[in-house]
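Subject: Structure handover

Hello,

Here is the model you asked for, with notes on what turned up when I went through it. Please keep in mind that it is a predicted model.

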Amino acid sequence: MTASRAVLITGVNSSGGLSSGTGRATALRLHRAGWPVYATGRDLDGLKDLAEEGITTLQVDVTDEESMVAAVERITEDHGAVGVLVNNAAYSLNGTIGETPIDQVRRQFETNFFGLSRMTQLVLPGMREQRSGRIIMMSSIFGLFATPGRGYYQATKHALEAISDSLRLEVKPWDIKVSIIEPSPILGSFVPTTVGDLGLDTDSDLYADFWERFVVWHGAYREVDKPKGRGRTAVRSGKVAETIEKAITDPNPRIRYRLGLPTHLLKPQRAIFGDRAWEVFVTKFFPQP
């Protein structure tokens, strides 16, 4: 069986969406490099510009089994199998652990964790049959530690890290390679401009002042053209796309690709500081209740 080069990318949202940058940049970069790309998202209308570029677009909601199965079947009909899966679909749930409604927590895990897990299950039979494949897991610097206000989002990224390490060893006999992308904050992604943008769904006002500081802190990552302060250590979606291309073309890809100075420094810093000193660092650098 000839190995498929078809690339399935989840979470390629409309051009104005906060989480759309990485998926769109990856779809365009791989398409222009000659890969058969299938860009998927919930809103096909928002992907019209990609379709005009010649990219195949499919409506896929990673919380909807039928749409995921249909996408994999379509690619299998066209190319024999999904050759590359980029698990990019995710959103950031803002909320404190004690006050976030549990149904919102479940929705967060349905998209960020269970959705990518199910999509991975769906593509594996074809990859095993052709005895090759690449699976790219979009993690985050927040898959490595946690801060107040986004604990449930960060928990999904911690879980992604764990299953990726298990999966890599499980699929090694079929020459299927699994890589994790760990970017520092991405410019323009998940960046609120007001407290109202946070989408908080709670009647509690326990953390009202905290959320105001939360918005101000994240404002450093809003200016894409000329970032200042912390924003200068962030990464651009184009750099993430370039790294994903490396992960799927390198004969011996890395287990983890860390992007941005903060992500590179995190591991040695935490090892040197120890748990208590690291927590002090987090309280000094990130907004606190």
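The sheet first. Seven strands make up an open sheet with parallel pairing, in the order E3-E2-E1-E4-E5-E6-E7. Strand E3 (56-59) and strand E7 (256-259) are the edge strands, each pairing on one side only. From one strand to the next, the twist averages 20°.

At the E7 end, strand E6 (residues 176-183) pairs with E7 in the parallel sense over four bridges. Within this part of the sheet, Ile180 stands opposite Arg256 of E7.

Two helices to look at here are H5 and H8. Helix H5 (residues 151-170) lies across strand E5 (133-138), E6 and E7, and runs at about 155° to E6. Helix H8 (residues 261-285) also packs on the sheet, where it touches E6 and E7; the direction of H8 makes about 115° with that of E7.

Next, the nonpolar cores. The largest has 27 residues, of which Leu8 and Ile135 touch the most other members. Two or more residues each come from helix H3 (65-79), helix H4 (102-130), E5, H5 and E6. H4 gives the most, with six residues.

What does Ile135 contact, leaving aside its neighbours within four places in sequence? The partners are Leu85, Asn87, Thr120, Leu124, Met127, Leu167, Ile176, Lys177, Val178 and Ser179.

Another core, of 24 residues, lies apart from the largest one; among its members are Ile55, Ile181, Ile186 and Val235.

Regards

Conventions:
Residues are numbered from 1 along each chain as its sequence is written. This is a predicted model: local features need pLDDT of at least 70, side-chain atom pairs count only at pLDDT 80 or more; totals for chains, interfaces and linings use all residues. Side-chain values use heavy atoms; hydrogens and water are left out. Two strands pair if DSSP finds at least two bridges between them. Axes are lines fitted to C-alpha atoms, for helices over the stretch in contact, and angles run from 0 to 180 degrees between N-to-C directions. Contact means heavy atoms within 4.5 Å. A nonpolar core is a set of buried Ala, Val, Leu, Ile, Met, Phe, Trp, Tyr and Cys residues joined through side-chain atoms within 4.5 Å. Buried means under 20% relative accessible area, exposed over 50%, partly exposed in between (1.4 Å probe, protein chains only).
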